[in-house]
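Reader: I am new to this structure and would like to go through it slowly, one question at a time. Could we begin by looking at it together?

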Amino acid sequence: MELRILGACPLDCPDTCSWEVTVRDGQAVGLRGNRDHPYTRGALCVKVNRYLEHTRAHDRILHPMRRVGPKGSGEFERISWDEALTIVSDRLTEIVREHGGEAIWPYQGTGTLGYIQGSEGAAGRRFWNVLGASRHHLNICSTAGNDGLRLTNGTPAGMDPETFALSRLILLWGTNTLTSGHHLWKFIQDARANGAHVVAIDPIRTRTADQADTFLPIRPGTDAALALGLLNVVLEEGAEDTAYLEEHTLGWEEFKAEILRYPPARVAEITGLAEEDIRALGVRLAHTRPTGIRATMGLQRHEGGGAALRIIACIPGVTGDWRHPGGGVAYSTTAHVPLKVDSGDHLLREPVRTLTMTRLAGQLDESVKCLWVYGANPLGSTPDQNRIRAAMRREDLFTVVMEQFPTDTVDYADIVLPATMQTEHMDLHQGYGHMYLMWNEPAVEPAGECLSTTETFRRLARHMGLTEPSLYDSDLEIAEGLLSGTPGITLDRLRKEGWARLDVADPFVPFTDGFPTPSGRLEFASDHAAAAGLPRVAGYVPSRTARTARADREYPLMMITPASHTSLNTTFGNNPELLRRSKGPRVLVNAADAEPRGLVDGEPAQVFNRTGRFTAYVEISDRVRPGVVAAPKGHWPKLSPGGANPNATVDERDADMGRGAIFHDNLVDIAPL
Ligand SMILES: Nc1nc2c(c(=O)[nH]1)N[C@H]1C(S)=C(S)[C@@H](COP(=O)(O)OP(=O)(O)OC[C@H]3O[C@@H](n4cnc5c(=O)[nH]c(N)nc54)[C@H](O)[C@@H]3O)O[C@H]1N2
Ligand SMILES: Nc1nc2c(c(=O)[nH]1)N[C@H]1C(S)=C(S)[C@@H](COP(=O)(O)OP(=O)(O)OC[C@H]3O[C@@H](n4cnc5c(=O)[nH]c(N)nc54)[C@H](O)[C@@H]3O)O[C@H]1N2
Ligand code: SF4
Ligand SMILES: [Mo]
C-alpha cells in the first residue's frame with residue numbers, strides 16, 4: 001500500500017518547505033515539494049532533495065554509544081538505551097548535587113527549528129528548568145538584526161515575503177536568495193514580469209547578484225552608511241513622504257540631521273561604491289513605490305550589524321513604503337507567529353546564569369561540568385574552533401551529544417544518543433520567511449534505536465524519577481499547547497491539511513495600526529536605545545573590518561564565510577554527492593590579491609590570522625572585490641584538509657546588539673600551502 005504523508009523541512013532556512021513523503025510498505029520511497037503549498041510551489045532544494053538518502057546514510061548514528069578512546073578520537077562502543085540513561089541520569093544527579101544545576105550547559109542549536117523537537121520551542125527546556133541548569137542564549141544567527149529592527153519598528157517582523165510580487169523596486173540587501181532560501185525568487189520573478197527593478201547589494205557577486213538588474217559590490221560592514229547616503233538623495237529629490245513622517249514616525253528632525261551628514265561623495269568613500277551608482281539608486285528609491293527590501297542574517301554578522309538593520313528599517317519610514325503592499329523591509333516573519341511556547345520557566349526555583357552560544361570557547365570553563373549538545377555542531381559552526389576543541393578535551397567534563405551523524409562534536413562525547421530525523425518524528429513549524437504554520441507528521445518508524453528529542457527527555461525524566469507532570473506531555477499535548485494562541489487553526493485541521501496560513505489578510509501589510517514601539521510610531525530616535533547605551537538616533541557603526549582593514553598590514557583581507565549552496569550550516573556536510581558538488585573547502589580571492597601572494601587557482605592555501613588557520617582551495621575570482629575573500633561555511637573540519645574550517649579563524653566578539661555573531665567581520669591573510 002502506498003501512502004502520502006505531509007511534512008515540513010526542519011532546517012534553519014526561511015522557506016520551511018511543505019513536503020510530501022511517499023511511503024510504501026513502511027518505507028519512505030519518495031520525497032517531493034508540495035505543489036499545493038503557496039510558498040513551496042512544488043520544489044525543495046539541491047540539499048533536501050537528498051534528505052531521504054541522508055536518512056539512510058551509512059554513517060547515520062543508530063544506537064546509543066559510550067566513549068572508549070580518548071576524547072576527540074571518535075572511538076565508541078554500542079550500549080543499550082537503558083545503560084545510556086542510567087549513566088546519564090547518575091552523572092546529572094551527581095553534578096546537580098555537588099555543583100548545582102548551573103554546572104550543566106544545555107547547548108541547543110538550529111539543527112531543527114521545530115516547535116516540538118527543536119530550538120524554536122526550546123525542546124528540553126522544561127527538563128533543564130527542573131534541574132536548574134544554566135540558560136543557553138541562542139545568539140549565533142539573527143539576534144543583532146532582531147534587536148536593531150526592534151529599535152525602529154518595535155519588532156523584527158515585517159513584510160510578508162509573498163508581497164515582493166507587488167514591489168516595483170526590490171533591494172536584495174546582504175542576502176543570497178538563490179542559495180539561502182530560493183523560494184522567494186518566484187515572487188521576485190512575478191514582480192519583474194510587472195517591470196520591477198532588482199538590485200543586489202553584496203560584497204560578493206553571488207548567483208543572486210548575477211540575476212539582478214543592478215549589483216552594488218559594497219565594502220563589508222558599511223551598509224548603514226549606504227542607507228544614509230540613499231536617504232540623502234531621497235531628500236535631495238524632495239521625495240520624503242512628509243505626511244507619513246508626520247503621522248507615523250518619531251525623531252525625524254534628529255535623523256534628518258544624521259542623513260545630511262552623509263552626502264553620496266562621502267558614502268562612496270566609506271562603502272567603496274561609485275558615487276554615481278549611489279546617486280542612481282537613491283533617485284530610483286526616491287521615485288519608486290512600493291520599494292521592498294529583503295535583508296537577511298548575513299548582513300548583520302558584523303560588529304555594526306544591529307545598527308545596519310536598525311537604519312535599513314528607517315528607509316520605509318522616510319519613503320512611506322509601509323503604506324503599500326510590496327513596500328517595507330522583510331527580515332524574519334517569526335514575530336508574526338502567535339504560537340505559545342511553554343518552556344516551563346516557572347519550574348526554575350531560583351535565577352540561573354545565562355551562557356552564550358557563540359562564547360563556547362571562552363565560557364566552557366571549570367564551572368561547566370556537563371555540556372549537553374543537541375541540534376548543534378559547535379566544532380563546525382561556532383567561533384574559535386581550536387579553543388573549543390581544547391576545552392572539550394577536559395577529562396572531568398561530561399559531554400552528551402544527541403545526534404544523527406558522527407560530527408566533529410560527537411567525537412568529543414562521553415555518551416552519544418541517536419536522534420530521529422524529520423521523517424521519523426512529529427513536529428510543528430513556522431517559516432521565518434513566510435506566513436504559514438506547518439505540520440510534520442511522522443512518515444516512518446525511527447531508524448535503528450533513534451529517539452526524538454522529546455521522547456529522549458521524557459525517558460530521562462522517568463529514569464531520574466522526576467515528578468513534574470509537564471515533563472511527560474506527549475508531542476500532541478505540546479502541539480495543543482502551542483496552538484492555543486491561534487484561533488481558527490486547530491490541531492485536527494493542521495494535521496489534516498498539513499499547513500495553514502496565519503490569520504492575516506492577503507496581501508498582508510504590517511503596521512497599519514501603528515508600530516509596537518513605546519511611542520506607537522516608527523522610531524528614528526529611541527530613548528530605549530539611549531537607555532541601553534546605544535546611539536539615540538539611528539546611525540552608522542562600522543564593523544571591525546570596515547574600521548581597520550585598510551590599516552591592518554598584518555591581516556589585510558576581509559573574510560566573509562557565506563552560506564554554501566550545498567549544505568545547511570554543517571548539516572549535509574558529510575553527504576558524498578553534495579560534498580563533491582561543493583568542490584571542497586574553497587576560498588575565493590580576487591586576482592589582485594592572489595598574484596602578489598603567489599596563490600594559484602585550484603591549489604590549496606592556508607588562511608590564517610591571530611586566532612587560527614584553515615586550509616582551502618584557492619579560486620581566483622572576480623566575484624569578490626579586491627581586499628575581500630570568501631570561504632563558504634559548512635565544511636566539516638575532520639573532512640577538510642588540515643582538520644579545520646573557517647571558524648578556526650573567527651574570534652569571540654559580539655555585534656553591537658543582541659550579543660550577535662560576527663562571522664563575516666573577520667580579517668585574515670592567505671599564503672600558498
Ligand atoms: N544553502 C544554504 N542555505 C542556507 C544556509 C546555508 O548554510 N546554506 N544557512 C541558513 C541560515 S542558518 C541562515 S541564518 C540564512 C542566512 O541567509 P543569508 O543571510 O543569505 O546568509 P549569508 O550567506 O551568510 O549572507 C548573505 C549575503 O550577505 C553578504 N554579506 C556579508 N557581509 C555583508 C555586508 O557587510 N554587507 C552586505 N551588503 N552584504 C554582506 C554575503 O556576502 C552573502 O552573500 O540562510 C539559511 N539558508
Ligand atoms: N563561519 C560561519 N559560521 C557560521 C555561520 C556563518 O555565517 N559563518 N552561520 C551561523 C549560523 S547563521 C547558524 S544558524 C549556526 C548553526 O550552527 P548549528 O546550530 O550548530 O547548526 P549545524 O552546524 O547545522 O549543526 C546542527 C546539527 O544538528 C543535528 N540535528 C538536526 N536535526 C536534529 C534533531 O532533530 N535532533 C538532534 N539531536 N540533532 C539534530 C544535525 O545533524 C547537525 O549536526 O552556524 C553559524 N556558523
Ligand atoms: S532547506 Fe529551505 S529550500 Fe531546502 S527544502 Fe528546506 S526549507 Fe526548502
Ligand atoms: Mo542561521
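Reader: Which atom of Met-402 lies 3.0 Å from a nitrogen atom of ligand 2, one of the backbone or one of the side chain?

Author: Please keep in mind that this is a predicted model. A polar contact needs two N or O atoms within 3.5 Å. Met-402 meets that cut-off at 3.0 Å from a nitrogen atom of ligand 2, and the atom it uses is a polar atom of the backbone.

Reader: How much of the accessible area of ligand 2 does the protein cover?

Author: Thr-110 also approaches ligand 2, with a backbone N or O atom 2.8 Å from an oxygen atom of the ligand. Of the 930 Å² of accessible area that ligand 2 has on its own, the protein covers 97%.

Reader: Which residue has a polar side-chain atom 2.6 Å from an oxygen atom of ligand 1?

Author: Ligand 1 is surrounded by 35 residues, and the closest include Ser-180 and Asp-223. An oxygen atom of ligand 1 is 2.7 Å from a polar backbone atom of Gly-221, whereas the side-chain atom 2.6 Å from an oxygen atom of this ligand belongs to Asp-202.

Reader: How many charged residues are in the shell around ligand 1?

Author: Divided by class, the shell around ligand 1 has 14 nonpolar and 15 polar residues. The charged residues in that shell number six.

Terms used
Residues numbered from 1 in each chain as written. Chains lettered and ligands numbered in written order. Predicted model: local features only at pLDDT ≥ 70, side-chain atom pairs only at ≥ 80, totals over all residues. Heavy atoms only, no water. Polar contact = N/O pair within 3.5 Å; in protein donor to acceptor, adjacent residues only side chain to side chain. Areas by Shrake-Rupley, 256 points an atom, 1.4 Å probe, with all protein chains shown as cover. Near = heavy atom within 4 Å. Nonpolar A, V, L, I, M, F, W, Y, C, P; charged D, E, K, R; others polar.
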